[in-house]
Amino acid sequence: MKIVKFLLALLLTTGAVYMLNKPISLKGDSGKKDTNIPPLGPFFSPFTGFWQNADPVNGFSSQKIEVAEMKGKVKIQIDERMVPHVFAENMEDVCFAQGYIVAKNRLWQMDMISRLSGGRLAEVLGRDLLPNDQLQRRRGMVTGAENAVKAWQKNPESYRYIEAYVAGVNAYINQLKPKDYPLEFKLLNYQPEQWSVLKTALVKKYMDMTLCFGEDDLEATNALQLFGPEMFKKLYPEYNPKQSPVIPSGTKWAFEPAPVKEITEVQEAVGLIRHKVYEKERELVGSNNWAVSGSKTKSGHPILCNDPHLQLSLPSIWFEVQLQAPQTNAYGVCVPGIPGILIGFNDYIAWGETNVGHDVLDWYKINWTDEAKTSYQFDGSVKTVETVVNAFKVKGEEEPVLDTVKWTVWGPVVYESDEKPWNDLAMHWIGHMEPNPQDINTFLGLNLGRGYDDYSRALQFYDYPAQNFVYASKNGDVAITVNGKFPFKAKEQGRFVQNGDGPKQAWEGWIPRPHVPSIKNPARGFVASANQHSTDPSYPYYYNSTHFDHFRGRYLAGQLNAMDSITVEDMMKLQNSNFSIQASEGLAALLPLVDTARLNTDQIEVLKRMQAWDFNFDKDKAEPVIFVKWWSRFYQMTFDEVLVWRDSLPMLMPENWRLIELASDTPGDLIFDLKNTPERETAANIATNSFTATVDSLAADLAKPDFNWANEKKTSIYHLARIPAFSRMNLDVGGYRQALNAISETHGPSWRMVVELGDEVKAWGVFPGGQSGNPGSIFYDTGLEKWLYGEYNELFFMKNADDNRQPVLYSIEIN
């Protein structure tokens with residue numbers, strides 16, 4: 001009997017071990033896909049599973065590591081916020097150590113971003129991610145990354161810094177055992193790969209896709225086709241007369257403009273574009289930065305501020321670090337996977353960036369010459385496409401999925417359909433082109449910089465994504481440069497889909513570097529940018545975008561212009577301002593239009609609330625909810641003739657500033673007439689009707705004590721794999737996408753930094769997360785609470801490896 005019991009127990013144990021070490025497939029309901037769950041045994045193993053990812057019970061221990069690749073000695077001091085301070089004897093070892101320590105904290109994040117950019121998510125996440133992978137390859141992300149590597153290799157001196165960074169990442173990976181793998185590798189049941197220069201380029205390409213991928217060519221083309229040139233110009237003007245550009249209006253251009261060709265093609269000739277537009281980043285990916293000179297500060301020293309607005313995530317986008325070598329001592333934030341400090345300061349200068357937003361992605365209609373679409377017309381002759389066959393590995397499947405992409409002189413054919421007449425479109429994007437071979441020297445140069453000449457020289461190496469580089473120094477200079485590589489464009493070139501049958505529609509060349517907009521030490525005592533237009537219309541070169549800011553930049557310039565005796569605390573308060581010019585000007589247009597005789601008692605009370613509102617999108621206020629819903633209704637009712645097309649065609653929507661202008665200046669315009677009613681409506685009718693409908697829809701909510709902006713907005717910071725337990729949901733925070741504190745549902749200030757450049761440089765910063773990428777670590781989201789409340793950490797800018805002004809958690813020595 002004992003034998004039987006033993007054999008039965010052995011059988012059950014063996015079965016359990018087998019089942020726990022085997023993927024589980026849960027059958028989906030009828031018509032739904034099966035759900036595949038990774039093996040649970042390794043994940044729950046006490047020896048190799050998630051238990052091993054907890055922070056050490058007895059605290060962190062200092063480490064000594066022997067690495068053959070090192071040229072000298074490195075010491076990394078980890079402070080009490082888990083910020084590493086790297087001290088090395090040369091720049092190559094600095095880059096090596098940076099790669100090592102970033103990988104130690106963010107390895108899975110680095111892997112995931114490189115896979116997202118390179119179209120390799122399905123390998124580890126399954127078939128559901130295959131369409132995303134195919135789109136990324138079809139867009140040419142890998143080609144762009146490969147071209148970046150080719151360019152970097154042309155400058156061996158700077159390329160060795162990238163190689164050193166890669167070697168540092170791999171030095172960390174190579175010492176890992178399965179029990180040490182970051183939690184997500186265990187949860188998703190795959191292993192870390194070796195890092196490479198190509199993967200660093202793919203991370204860079206992810207940034208390019210985020211920051212210089214914006215365009216609305218298809219939407220604008222259809223709007224022009226349907227409404228005609230006159231109505232198009234009325235609904236979609238390119239410049240807001242109230243704009244406060246990055247380079248102040250009235251600035252004289254100290255150069256003789258280069259000639260730019262004209263294009264006489266009739267844009268309407270391209271025809272309607274019926275492709276379903278791929279999902280776009282509709283949120284304004286922007287930022288604020290500014291620098292005030294000592295003449296406007298209480299201390300007499302310049303102050304520089306920067307807060308890049310991006311999609312928020314956990315692990316956080318940024319990694320905080322200090323890098324010191326004989327040539328430099330810099331502190332700030334880096335992007336995991338890329339060497340150097342992108343936003344930060346050193347002993348002499350500070351720098352930061354916001355996105356420029358010029359359109360550098362154009363679409364060209366391909367005129368095929370055969371049914372198989374293997375050749376096309378170009379410049380009076382027939383050209384053959386180059387075909388690239390991409391193979392996609394899919395988790396749980398033995399055979400790869402193949403997908404063929406056609407490449408033309410313009411770039412890859414991304415939009416393709418079998419429907420006739422053909423409207424297949426090729427993508428011409430700056431991100432496919434080889435960047436300056438020394439583009440990494442932009443940030444390394446800033447890290448090493450000591451004055452304006454170093455700042456200006458470093459920017460010469462930078463091509464894309466174009467950024468507004470703000471600068472301040474201890475010697476009192478402040479400056480800003482709209483920096484990047486910008487194509488010569490004829491008037492409205494690239495605003496619409498173009499005919500791809502010849503070179504006359506191509507970019508003719510590049511705006512000369514000395515002609516790129518910049519300003520140093522302006523008379524007003526500050527420089528500032530918030531993704532608004534780079535210049536006023538007097539700038540002699542054409543550029544376009546439908547994504548320029550029209551509110552934050554004006555508010556920022558107005559506030560700085562009015563301020564004097566500025567303190568660091570003033571700048572922190574300004575970064576966290578919830579005031580919106582869109583709300584103040586929008587309500588100034590709407591409120592006088594409301595016919596109060598048509599309102600009931602409840603509606604009158606709400607109207608009074610809106611009249612008394614201070615236009616701040618504070619978390620506990622209800623007025624922001626009312627405004628957003630009212631404005632949305634007013635917008636939709638006004639532009640009913642535009643919205644009617646959105647389900648069937650890509651369609652460009654008018655900008656909010658233009659609606660404010662129309663309601664204020666021409667309330668009787670025909671645009672306010674509803675097309676589905678016999679009456680002739682004006683802006684007053686639309687304002688009143690939209691207001692009453694909004695208030696009625698909120699009747700049940702207005703009396704609730706928890707009816708407020710934070711609960712309506714539900715700001716959430718998601719884990720990269722969208723794992724709810726690793727995310728932070730429904731945060732109690734204010735802010736608005738059109739306020740300086742541009743916190744929306746998923747986007748917001750990803751790093752707030754304030755630097756005072758006195759005799760001793762002091763800085764403060766915070767981001768909505770923590771240094772560790774490990775969800776089980778106490779350092780996973782340590783900055784979130786301070787970020788929510790608009791508070792900052794004083795940054796520990798160590799003078800040397802023995803600086804003991806603040807506690808050090810542990811150290812790592814690499815020899």
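Residues are numbered from 1 along each chain as its sequence is written, and side-chain values use heavy atoms, with hydrogens and water left out. Because the model is predicted, local features need pLDDT of at least 70 and side-chain atom pairs count only at pLDDT 80 or more, whereas totals for chains, interfaces and linings use all residues.

The protein contains 23 helices and 31 strands (DSSP runs numbered from the N terminus, H or I of at least four residues for helices and E of at least two for strands). Its C-alpha trace spans about 90 × 70 × 70 Å along the principal axes. The radius of gyration (over C-alpha atoms) is 28 Å, which agrees with the value near 28 Å for a compact globule of 815 residues, the globule rule being 2.2 Å times the number of residues to the power 0.38. Of the 815 residues, 59% are buried (under 20% relative accessible area, 1.4 Å probe, protein chains only). Contacts are defined by heavy atoms within 4.5 Å; among those between residues at least 6 apart in sequence, 71% join residues at least 24 apart. The accessible surface (Shrake-Rupley method, 1.4 Å probe) comes to about 33700 Å², and carbon and sulfur atoms account for 52% of this area.

Strands are taken to pair if DSSP finds at least two bridges between them. Three strands form an open sheet of mixed pairing in the order β8-β25-β26. β8 (313-314) and β26 (728-731) each have a single partner strand, so one side of each lacks a neighbour in the sheet. β8 runs parallel to β25 (residues 715-719), to which two bridges join it; serine 313 has tyrosine 718 of β25 as its bridge partner.

A hairpin is formed by β14 and β15, with two residues between them. Four bridges join these antiparallel strands (residues 375-378 and 381-384), and tyrosine 376 is paired with lysine 383. In the turn, aspartate 379 has a positive phi of about 55°.

Most residues other than glycine have a negative phi, and most peptide bonds are trans. Asparagine 531 has a positive phi of about 70° and lies in the loop between β24 (526-529) and α13 (552-562); at 3% relative accessibility, asparagine 531 is buried. Phenylalanine 615, in the loop between α16 (601-612) and α17 (623-638), also has a positive phi of about 70°.

Terms used
Buried means under 20% relative accessible area, exposed over 50%, partly exposed in between (1.4 Å probe, protein chains only).
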